[in-house]
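Me: I have a structure open and a few quick things to ask. Can we go through it bit by bit?

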Amino acid sequence: MPSTPTTHVSLAEPIHLPPPFALVRLRESGDAFAHACRIAPESGAGTLVYVGRFDLAEFAVVLEPGEPLSTARRAFYASMVALTDALRAYAPPNKTVAIDWPDAVRIDGGLVGGGRMGWPSSACEDEPPAWLVFGAMIRTVAMTDHGPGVHPLASALDEEGFGEAGAVQVTEAFARHLMRAINNWQVDGFDSVARDYLSRVPRERQTVLRIDDRGDLLTRRIGTDTIERRELVSALASPSWLDPKHGGPRL
């Protein structure tokens, strides 16, 4: 693992990742997603970049798919399944962890964060990319001074009763669940991942959702042949949950 000036070992809470993950820790001012994209060509698959922040679980993992970029992007769905499974592991029994297609995570309707994906700008659609990076941010602590109801569409894990589940616990759980999601894909095919993902997406009544080979979302209303297509590539271009001004989940 190449060393960088921003990587450091400290007395911070340790993070235990299963093999084959390799941990890179950044200071609070770091950007896990951007850093993972920078080091991906050299660091290789399984590198997990973690930013030690009090209010956010922020991390990014490097993947090396063996299929063309056009279909490899479906790894985003496996990663979102792992992210929401990590939250489910700590969620109180009455809490619903849901996904707004394709990238936003909500708990009982309150936005807590989401995922994003990057790949080399020079990558060709019909060839395997050198790397993919999945990055995630989950708001663990509400830092606003305003009272309840000021941001009714936003939330944080502490407000939802997640107890002691913080950035370290969410990151560790994500790594474990990502291995399981990828294994399910390899053993049972992508359809198993798609079913898991779509079970977390709210849908209109009398509609059927499907994810095609390119990762696009297809919606068909029962009783008709009309299919609405929503392109994954276009949706990933601008994460719906991210506030670019503040660099965190929207309020």
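Me: Start with Pro 239. Which residues does it touch?
Reply: Leaving out residues up to four places away in sequence, Pro 239 touches Asp 103, Arg 116 and Arg 250. Contact means heavy atoms within 4.5 Å. This is a predicted model: local features need pLDDT of at least 70, side-chain atom pairs need 80 or more, and totals for chains, interfaces and linings use all residues. Residues are numbered from 1 along each chain as its sequence is written, and side-chain values use heavy atoms, without hydrogens or water.

Me: Is Pro 239 buried or exposed?
Reply: Pro 239 counts as buried because its relative accessibility is 12%. Buried is under 20% relative accessible area, with a 1.4 Å probe and protein chains only.

Me: And where is Pro 239 found?
Reply: In the loop between helix H6 (232–236) and strand S11 (242–243). Helices (H or I, at least four residues) and strands (E, at least two) are DSSP runs, numbered from the N terminus.

Me: New topic. How do H4 and H5 pack?
Reply: Helix H4 (residues 167–188) and helix H5 (residues 190–198) pack at about 135°, axes 6 Å apart. Axes are lines fitted to C-alpha atoms over the stretch in contact, and angles run from 0 to 180 degrees between N-to-C directions. So H4 is oblique to H5; under 35 degrees is roughly parallel, over 145 roughly antiparallel, 65 to 115 roughly perpendicular, and the rest oblique.

Me: Which residues make that contact?
Reply: From H4, Ala 181, Asn 184, Trp 185 and Asp 188; from H5, Phe 190, Ser 192 and Val 193.

Notes. Buried means under 20% relative accessible area, exposed over 50%, partly exposed in between (1.4 Å probe, protein chains only).
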